Amino acid sequence: MERKVAIIGAGISGLLACKYALSKGHRPTVFEAHSGLGGVWTKTVEITKLQTPKPFYQFSDFPWPDSVTEVFPDQNQVLEYIESYARKFDLLHHIRFDTKVVSIDYEGASSEVQQAWALWGGTGEPFDSKGGKWYITIQDTRRLSTEVCQFDFVIICVGRFSGIPNIPEFPQGKGPEVFQGKVVHSMDYAAMDYSNAKELIEGKRIAVVGLQKSALDIAMECSTANGMDLPCTVIYRTEHWNIPDYQPWGVPLAYLYLNRFSELSIHKPGEGPLLSLLATLLSPVEFMLLTK
């Protein structure tokens, strides 16, 4: 039976969910708040490249084109690859761009009944057999008009870095408001045009707070722009040993977490004693991979 499936986000996960729903005979609609697909790859720092070797970052049914010879493709190459995937499998006409989801409501079983469910949907099936429906309120970001759409199922694919900057709380009188210079979050910096970003950093003394990939990309961009005359300072709280994740010591660590093996290290609802024991024993491996 054909079902109406709402998918929120047109990044990699959203495109995969759309293709899978189509393969099962359902009718998916993807809501994307921006004007293009690609998720975090739509706006990045200019020097950003894929941090995973290309063979480990590709769709299983859509290999990288021969024209991309780099092991670590840049942002434009990654975005073109994602767009080519959407065109190849005719996903674009299922996507509603410039459409922001502002609320999701469910009408069906009460929350008390749902809490008693041991299985998904009460039966192990994703669709509510008793006729429950999802109502999604969407906003056209160009016309600012809203409408409510009804669906049988909702898949949220907004990712971890979905437009909400992680800004720490500062004591009164000790935050960005008293800083003499300009304070910019990495998310806002990445959203700038490359020319505006260069104008912002050139000839400035810059401190980058953080030690993850965005921080290192921005620090490298600042260092390239200003050289030794105005060195960029990186400030971080926790030190990490940054080792290559593809073949340190000749061992491809990606084999540990870019496959089904990684699922054994995660506790899951309804898991039996054996899976629970495995997840507990493998928790150090999960911690190492997440904090590396």
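1. The second largest pocket in this predicted model is lined by Y106, Q114, W117, W120, G121, P126, F127, D128, G132, W134, D152 and F153. Its volume comes to about 170 Å³, and the residues of the lining divide by class into seven nonpolar, three polar and two charged.

2. On the surface, I104, I156 and V158 make up a nonpolar patch, and together these residues have about 240 Å² of accessible area. V158 belongs to the loop that runs between strand 7 (153–156) and helix 4 (186–191). Because its relative accessibility is 38%, V158 counts as partly exposed, a class that lies between the limits of 20% and 50%.

3. Across the whole structure, a search finds ten salt bridges. One of them joins K19 to D61, with the closest N and O atoms 2.8 Å apart. K19 is placed in helix 1 (residues 12–23), whereas D61 is in the loop between strand 2 (27–31) and helix 2 (75–88), so this pair ties together parts that are 42 residues apart in sequence. K19, at 23% relative accessibility, counts as partly exposed, and D61, with a relative accessible area of 34%, is partly exposed as well.

4. Another salt bridge is formed by K198 and E46, where the closest N and O atoms are 3.6 Å apart.

5. With 33% relative accessibility R96 counts as partly exposed, while E147 is partly exposed with a relative accessible area of 37%.

6. Finally, a reader looking at the charged side chains may also wish to find D98, D140, R142 and R143, which are linked in a network of salt bridges.

Definitions and conventions. Residues are numbered from 1 along each chain as its sequence is written. This is a predicted model: local features need pLDDT of at least 70, side-chain atom pairs count only at pLDDT 80 or more; totals for chains, interfaces and linings use all residues. Side-chain values use heavy atoms; hydrogens and water are left out. On a 1 Å grid over the protein atoms alone, a cavity is a set of points where a 1.4 Å probe fits but cannot get out, and a pocket is an open set with protein on both sides within 12 Å along at least five of seven lines; lining residues have an atom within 4 Å of a point. Grid points are joined across faces, edges and corners, and a volume is the space filled by probe spheres set on the points. Ala, Val, Leu, Ile, Met, Phe, Trp, Tyr, Cys and Pro count as nonpolar, Asp, Glu, Lys and Arg as charged, and the others, Gly among them, as polar. Patches are made of residues with over 30% relative accessible area and no salt bridge: like charges are joined within 9 Å, nonpolar side chains (Val, Leu, Ile, Met, Phe, Trp, Tyr) within 5 Å. Accessible areas come from the Shrake-Rupley method with a 1.4 Å probe; for residues, only the protein chains shown count as cover. A salt bridge is a side-chain nitrogen of Lys or Arg within 4 Å of a carboxyl oxygen of Asp or Glu. Helices (H or I, at least four residues) and strands (E, at least two) are DSSP runs, numbered from the N terminus. Buried means under 20% relative accessible area, exposed over 50%, partly exposed in between (1.4 Å probe, protein chains only).
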